[in-house]
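Please have the chain open beside you while reading, as the points below go residue by residue.

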Amino acid sequence: MIKARVTVTLKNGVLDPQGKAIEGALGALGFDDIGHVRQGKVFDLELETADKAKAEADIKAMCEKLLANTVIENYSISLA
């Protein structure tokens with residue numbers, strides 16, 4: 001079995017209203033040193049294979065087809 005973590009973030013230049021809302025809420029809670037917040041997603045996956053190359057190719061396909069909107073989001077994959 002191979003474990004993987006996929007991190008999806010908005011591309012630079014894409015507006016992040018949820019990040020702005022979090023930034024404002026943190027400020028309202030007294031965390032005044034917050035400069036800028038960007039929000040993203042994390043997916044933890046377990047694949048029933050021992051073939052790392054196949055696992056990475058499959059996860060890339062998952063990202064391209066479902067997990068990330070590649071028009072506005074970047075993704076990174078780390079295998080464990």
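Predicted model: local features only at pLDDT ≥ 70, side-chain atom pairs only at ≥ 80, totals over all residues.

Here are my notes, as numbered points.

1. **Ground rules.** Residues are numbered from 1 along each chain as its sequence is written, and side-chain values use heavy atoms, with hydrogens and water left out.

2. **Helix α1.** Helices and strands here are DSSP runs (H or I, at least four residues, for helices; E, at least two, for strands), numbered from the N terminus. Helix α1 covers residues 17-28, and its twelve residues should span 16 Å at 1.5 Å a residue; the end C-alpha atoms are 16 Å apart, which agrees. The expected span is 1.5 Å times one less than the number of residues. After α1 comes G30, with a positive phi near 100°.

3. Searching the whole structure gives four salt bridges, each defined as a side-chain nitrogen of Lys or Arg within 4 Å of a carboxyl oxygen of Asp or Glu. One of them joins the side chains of R5 and D44, at 2.6 Å from N to O. R5 sits in strand β1 (residues 2-10) and D44 in strand β2 (residues 40-47), so this pair links distant parts of the chain, 39 residues apart. For accessibility I use buried for under 20% relative accessible area, exposed for over 50%, and partly exposed in between (1.4 Å probe, protein chains only). R5 is therefore partly exposed at 40%, and D44 is exposed at 53%.

4. K41 pairs with E73, their closest N and O atoms being 3.4 Å apart. K41 belongs to strand β2 and E73 to strand β3 (residues 73-79), so the bridge ties together parts that are 32 residues apart in sequence.

5. D58 and K54 meet through their side chains at 2.7 Å, N to O. Both residues lie in helix α2 (residues 52-67), four residues apart, which is about one turn of the helix. D58 has 28% relative accessibility and counts as partly exposed; K54, at 43%, is also partly exposed. As background, side chains of opposite charge can pair when their charged atoms come close.

6. **The largest nonpolar core.** Which residues make up the largest nonpolar core? The ten are I2, A4, V6, V8, L47, A55, I59, C63, L67 and A68. Elements giving two or more residues to this core are β1 and α2. A nonpolar core here means buried Ala, Val, Leu, Ile, Met, Phe, Trp, Tyr and Cys residues joined through side-chain atoms within 4.5 Å. In soluble globular proteins, nonpolar side chains tend to be buried together. Using contact for heavy atoms within 4.5 Å, and leaving aside neighbours within four places in sequence, V6 is in contact with residues including V42, F43, L45, I59, C63 and I77.

7. **The loop between α1 and β2.** V37 is in this loop and is buried at 16% relative accessibility. V37 and G19 are 18 residues apart along the chain, with their C-alpha atoms separated by 5.1 Å. Not counting residues up to four places away in sequence, V37 touches D16, G19, K20, I22, E23 and L26. I34 is also placed in the loop between α1 and β2, but I34 is partly exposed at 36%. Together with L29 and F31, I34 makes a nonpolar surface patch of about 320 Å². For patches, residues need over 30% relative accessible area and no salt bridge; like charges are joined within 9 Å, and nonpolar side chains (Val, Leu, Ile, Met, Phe, Trp, Tyr) within 5 Å. Accessible areas come from the Shrake-Rupley method with a 1.4 Å probe, and for residues only the protein chains shown count as cover.

8. T9, in strand β1, is partly exposed with a relative accessible area of 36%. Beyond its neighbours within four places in sequence, T9 is in contact with I72, E73 and N74. L79 is found in strand β3 and is partly exposed at 27%. Apart from residues up to four places away in sequence, L79 touches I2, K3, A4, K52, E56 and I59.
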